[in-house]
Amino acid sequence: MIWVGRLGSNAVASIGSSSLYINIGNALNSLVVIGTGIKVAHAIGRKNENEIKEYINSGIVINIIIGTVFGLILIFLGKGFIEFLNLNNSEVESNAYYYLALNAPILFFAFFNMMYTRILGSFGNNKLALKINGVGVILNIILDPVCIYVLNFGVIGAGVSTLIANVIMFILFRINTNGILNYRYDLKVDFEKIKEIIRLGFPMAFQRILFTIINIILAKIIAMFGSEAIAAQKIGVQIESIAYMIIGGLNGAVASFTGQNFGAGKSNRIKEGYRSALVVGISYAIVMAGVFLLLNRPLIRLFISDESTILIASAYLKAVAFSQVFSAIEMISNGMFTGIGKPNIPATISIVFTSLRIPLALVLIKPFGISGIWISICISSILKGICSY
């Protein structure tokens, strides 16, 4: 995003617009990632080797279907998706569609990389997943300026570098896991296990899809304030992800830790793990809230130099700073609920309060302008954190 930011607000807005629909793909993928992660962790807790292999097989089948179908949807219906946002800028719309179409193959490999990461987490082997993801990230960082500027691909260059990185990660997962992640052809497709995975993953996937649809509607409202506003939100979300990704790591760790101990019937360790994760997560969230409040402009300037975009993005970071602790509580609680096989609880909480963002935003933009949208996001996040706890 730093490299794309050098191309201007229009380039950032292009990726920001297409990312809304890419996030629907990631939400769909959570169906298999969460469901497979839970069932593999439970089977590991029970020390049932055959079940582990069957659940991994089932996850692979679901992933192939979702990745192929969603990729075709992006290619053939992507233009209509972008036009729905009413961006009123032909350059932004054109680049947004090309970037969206390129994400069809990107997401196919990314879906597997995310599932492989979660399965390794279920085994407690987060170090290997970290190393492989680290290679992908570093490779992406190196390739971005090369593809965007040296090869002069522009916005599309960001997608090309991401595709190459994901393919390399996919290969590394396959050759470094001693066959654990391979499809076992000696086992038949177990449709009951596929149903179990879908049933467990569906509440969280539905919640994330709804969350993304709400963000698309919010983006339509944000688009009324111009492409600078869309770019500002995208940059704000990128910076906020520094907090989100760390807490997301705790979410995955708590889910795996809880899943294994739930399978082994050790409820006290589940409670201890949840409390420990809360201490770490809340401490980190407090630090990040301070950074967003005090250092928002220097952070935003790393991405873009346009003053109007900086002003809008800084207002976004100031607003979400007040909800960081509550977002941390929500995500860590989600991990605990997921681990015990009750993802419908956090999904319901999220659906109810995330849906409030649209009416809240429409009410608050009258007195506060675009900042009213950021305030609505903050309020809903606080409510979700309180209810999750």
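This is a predicted model: local features need pLDDT of at least 70, side-chain atom pairs count only at pLDDT 80 or more; totals for chains, interfaces and linings use all residues.
Reader: Where does α3 bend?
Author: At Leu 77, by about 70 degrees. The bend is the angle between axes fitted to the seven residues ending at a residue and the seven starting there. Helix α2 (residues 9–45) bends too, by about 35 degrees at Leu 20.

Reader: Why is Leu 77 called partly exposed?
Author: Its relative accessible area is 47%. Buried means under 20%, exposed over 50%, and partly exposed in between (1.4 Å probe, protein chains only), so 47% falls in the middle class. Helix α2 is mostly covered: 33 of its 37 residues are buried.

Reader: What makes the nonpolar surface patch, and what is its area?
Author: Ile 65, Val 69, Leu 72, Ile 73, Ile 75, Phe 76 and Leu 77 make a patch of about 640 Å². Patch residues have over 30% relative accessible area and no salt bridge; nonpolar side chains (Val, Leu, Ile, Met, Phe, Trp, Tyr) are joined within 5 Å, like charges within 9 Å. A salt bridge is a side-chain nitrogen of Lys or Arg within 4 Å of a carboxyl oxygen of Asp or Glu. Areas come from the Shrake-Rupley method with a 1.4 Å probe; for residues, only the protein chains shown count as cover.

Reader: How do you know that Phe 109 and Phe 170 form an aromatic pair, and of what kind?
Author: Rings of Phe, Tyr and Trp (its six-membered ring) pair if their centres lie within 6.5 Å; planes under 30 degrees apart are stacked, over 60 edge-to-face, the rest tilted. Here the centres are 5.4 Å apart and the planes 75 degrees, so the pair is edge-to-face. Phe 109 lies in α4 (residues 90–122) and Phe 170 in α6 (residues 155–175), so the pair ties together parts 61 residues apart in sequence.

Reader: Why does Lys 220 count as lying over the face of Phe 84?
Author: A charge sits over a ring if NZ of Lys or CZ of Arg is within 6 Å of the ring centre and within 35 degrees of the ring normal. Lys 220 is at 4.4 Å from the ring centre and lies over the face.

Notes: Residues are numbered from 1 along each chain as its sequence is written. Side-chain values use heavy atoms; hydrogens and water are left out. Helices (H or I, at least four residues) and strands (E, at least two) are DSSP runs, numbered from the N terminus.
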